[in-house]
Amino acid sequence: METNQTVVTEFILLGFRLGWRIHLIFFVLFSLCYTFTLLGNGVILGLISLDSRLHTPMYFFLSHLAIVDIAYACNTVPQMLINLLSPTKPISFTGCMTQTFLFLSFAHTECLLLVVMSYDRYVAICHPLRYSAIMSWRLCFILVVTSWACGSLLALVHVVLILRLPFCGPREINHFFCEILAVLKLACADTWLNQVVIFAACMFILVGPLCLVLVSYTHILFAILGIQSGEGRRKAFSTCSSHLCVVGLFFGSAIVMYMAPKSRHPEEQQKVLFLFYSFFNPMLNPLIYSLRNAEVKGALRRVISNI
């Protein structure tokens with residue numbers, strides 16, 4: 001590194017560059033949404049642990065999805081709330097890299113968990129008689145551990161590639177958290193390798209899993225249409241439509257952010273998209289699963305009646 005360059009030890013997250021009053025309104029709004037995210041996903045976890053009827057592979061995977069959503073919110077939202085009240089408060093380089101690593105880990109893990117959940121629904125609807133034999137607890141545990149491990153390892157690759165780059169100024173990240181693309185813009189070196197790895201990761205963690213989900217639900221759709229019982233068909237549609245809502249929200253916003261041409265999405269618009277992708281999705285997931293899932297609503301009624 002040249003002698004006239006200064007190593008960056010901290011960054012300033014610019015966030016939403018709006019007036020103080022708008023920041024205050026956003027602080028109140030995002031605080032309420034953050035609270036709802038924690039409560040909603042916490043209720044899902046509580047119901048699954050307390051109600052023995054929900055001790056099935058489907059809800060085992062759902063509990064891990066709730067954990068990921070809580071982790072999402074805890075990783076990005078507190079820093080965003082701090083920046084709304086104190087826009088010039090810096091975040092250390094180490095803290096920034098940690099936030100990037102955790103965000104990517106949770107994002108990758110959620111992608112893989114959604115694939116696992118689609119496979120679970122495929123087995124349950126297309127091979128109901130063999131469901132217990134196929135979806136054993138051993139297999140469920142392996143699938144979940146693999147999802148977490150692959151998500152973390154892939155995020156570690158991204159962070160290691162960032163750490164090899166010099167950062168010598170400027171130190172202002174035009175985002176509300178240390179998002180990987182926004183961080184790379186501040187590097188004082190060519191980031192082509194990082195961009196190639198990000199594109200390859202998108203193919204592996206977004207396009208590939210989305211194709212697997214679509215294949216699973218294509219088979220599920222044909223299987224549902226062949227169900228003779230109207231009640232059985234309704235229950236299958238209800239369960240699968242909840243999962244498809246989550247899949248559509250998550251993969252749709254992620255693909256738009258990382259794979260659509262950047263010229264079509266100005267930086268301020270990208271922030272809004274990331275807000276939806278990393279903040280509102282975790283808040284909406286428990287709402288989708290609770291309102292569209294009769295078993296979860298039944299478990300909630302039973303827990304409330306026993307209080």
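Trainee: Why does Arg302 count as partly exposed?
Mentor: This is a predicted model, so the value is computed from its atoms. Arg302 has 26% relative accessibility. Buried means under 20%, exposed over 50%. The 26% of Arg302 lies in between, so Arg302 is partly exposed.

Trainee: What makes Asp51 buried?
Mentor: Asp51 has 8% relative accessibility. The cut-off is under 20%, therefore Asp51 counts as buried.

Trainee: How do you know that Arg302 forms a salt bridge with Asp51?
Mentor: Their closest N and O atoms are 2.8 Å apart. The rule asks for a Lys or Arg side-chain nitrogen within 4 Å of an Asp or Glu carboxyl oxygen, so the pair qualifies. The two lie in distant parts of the chain, 251 residues apart. Arg302 is in helix H10, and Asp51 is in the loop between helix H1 and helix H2.

Trainee: Why is the contact of Arg171 and Glu10 called a salt bridge?
Mentor: The N to O distance is 3.1 Å.

Trainee: What makes Glu10 partly exposed?
Mentor: Its relative accessible area is 29%. That falls between 20% and 50%, so Glu10 is partly exposed. Arg171, with 33%, is partly exposed too.

Trainee: How many salt bridges does the rule give?
Mentor: Three. Among them is Arg121 with Asp120, at 2.8 Å between the closest N and O atoms. Both Arg121 and Asp120 are buried.

Key
Residues numbered from 1 in each chain as written. Predicted model: local features only at pLDDT ≥ 70, side-chain atom pairs only at ≥ 80, totals over all residues. Heavy atoms only, no water. Buried < 20%, exposed > 50% of the residue type's maximum accessible area, 1.4 Å probe, protein only. Helix = DSSP H or I, 4+ residues; strand = E, 2+ residues; numbered from the N terminus.
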